Amino acid sequence: MLKAGDKAPDFTVPDQTGNTVSLSTVLGEGKRVILYFYPKDNTTGCTAEACSLRDGYSELLRKGFVVLGVSADSAASHRRFIEKHQLPFTLLVDADHAIAEAYGTWGEKRFMGRTYMGMIRTTFVIGVDGSIEQVFEKVDTKRHFEQIAEWADQNQK
């Protein structure tokens, strides 16, 4: 897994509408990026996390952030998730896990005695220069916006 100080790997993938999104393009607009990886649309923890980011979205914008969510779900699934929960940010389609593998968030998971490969819930804060400023490995799904905002307030750039 990448850590603070590492260069964030660039990517170009479709979003929920089929438009292409590149990290380098977003950074080129002078925005810091909150890149959050989550396992699955419309599941309990992922919904809580997305709704926390939704509820704090205007403050994140004021702080100069762009929010990008990443999962292996399809564009259609992302659209339903966005519509159902009125999510104001972009969700990226990582069907082949290329972004997750580049960031170290695709790996072995265990649930109810079963081992499988899946998305490891992690959030990266990426600076305008493309370097990773912070990694949240222990995401509090119900308070994720607060986790990021508290960190940002203590580490203003």
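Leaving aside its neighbours within four places in sequence, with which residues is I99 in contact? The structure examined here is a predicted model, in which local features need pLDDT of at least 70 and side-chain atom pairs count only at pLDDT 80 or more, while totals for chains, interfaces and linings use all residues. Residues are numbered from 1 along each chain as its sequence is written, and side-chain values use heavy atoms, with hydrogens and water left out.

I99 lies in helix α5, which covers residues 98–103; helices (H or I, at least four residues) and strands (E, at least two) are DSSP runs, numbered from the N terminus. Neighbours within four places aside, I99 is in contact with F11, V13, F37, V70 and D94, where contact denotes heavy atoms within 4.5 Å. With a relative accessibility of 3%, I99 counts as buried; this class is set at under 20% relative accessible area, exposed at over 50% and partly exposed in between, with a 1.4 Å probe and protein chains only. The C-alpha atoms of I99 and T12 are 9.0 Å apart in space, although 87 residues separate the two in sequence.

The protein as a whole comprises 6 helices and 9 strands. Its radius of gyration is 14 Å, close to the 15 Å that the globule rule gives for 157 residues, so the protein is as compact as a globular protein of that length. This radius is taken over C-alpha atoms, and the rule is 2.2 Å times the number of residues to the power 0.38. The C-alpha trace spans about 45 × 30 × 30 Å along its principal axes. Of the 157 residues, 49% count as buried. Among contacts with a separation of 6 or more, 64% are accounted for by residues 24 or more positions apart. The accessible surface comes to about 7700 Å², and carbon and sulfur atoms contribute 49% of this area, as computed by the Shrake-Rupley method with a 1.4 Å probe.

Helix α2 (residues 44–55) and helix α6 (residues 144–154) have axes that come within 7 Å and cross at roughly 50°. The axes are lines fitted to C-alpha atoms over the stretch in contact, and angles run from 0 to 180 degrees between N-to-C directions. The two helices, α2 and α6, are therefore oblique to each other, a class left over once angles under 35 degrees (roughly parallel), over 145 (roughly antiparallel) and 65 to 115 (roughly perpendicular) are set aside. On the α2 side, E49, S52 and L53 meet H144, F145, E146 and I148 of α6. The residues of this contact divide into 3 nonpolar, 2 polar and 2 charged. The buried residues of α6 are H144, F145, Q147, I148, A149, W151 and A152. They pack against several elements, including α2, β3 (32–37), β4 (65–71) and β8 (122–126).

Three loop positions were also examined. G64, in the loop between α3 and β4, is partly exposed, with a relative accessible area of 23%. Neighbours within four places aside, G64 is in contact with K31 and R32. G64 and G30 are 34 residues apart in sequence, with a C-alpha to C-alpha distance of 8.4 Å.

Most residues other than glycine have a negative phi. Q86, however, has a positive phi of about 50° although it is not a glycine. Q86 is found in the loop between α4 (75–85) and β5 (90–93) and, at 56% relative accessibility, counts as exposed. H97, in the loop between β5 and α5, likewise has a positive phi, near 65°.

Notes
Ala, Val, Leu, Ile, Met, Phe, Trp, Tyr, Cys and Pro count as nonpolar, Asp, Glu, Lys and Arg as charged, and the others, Gly among them, as polar.
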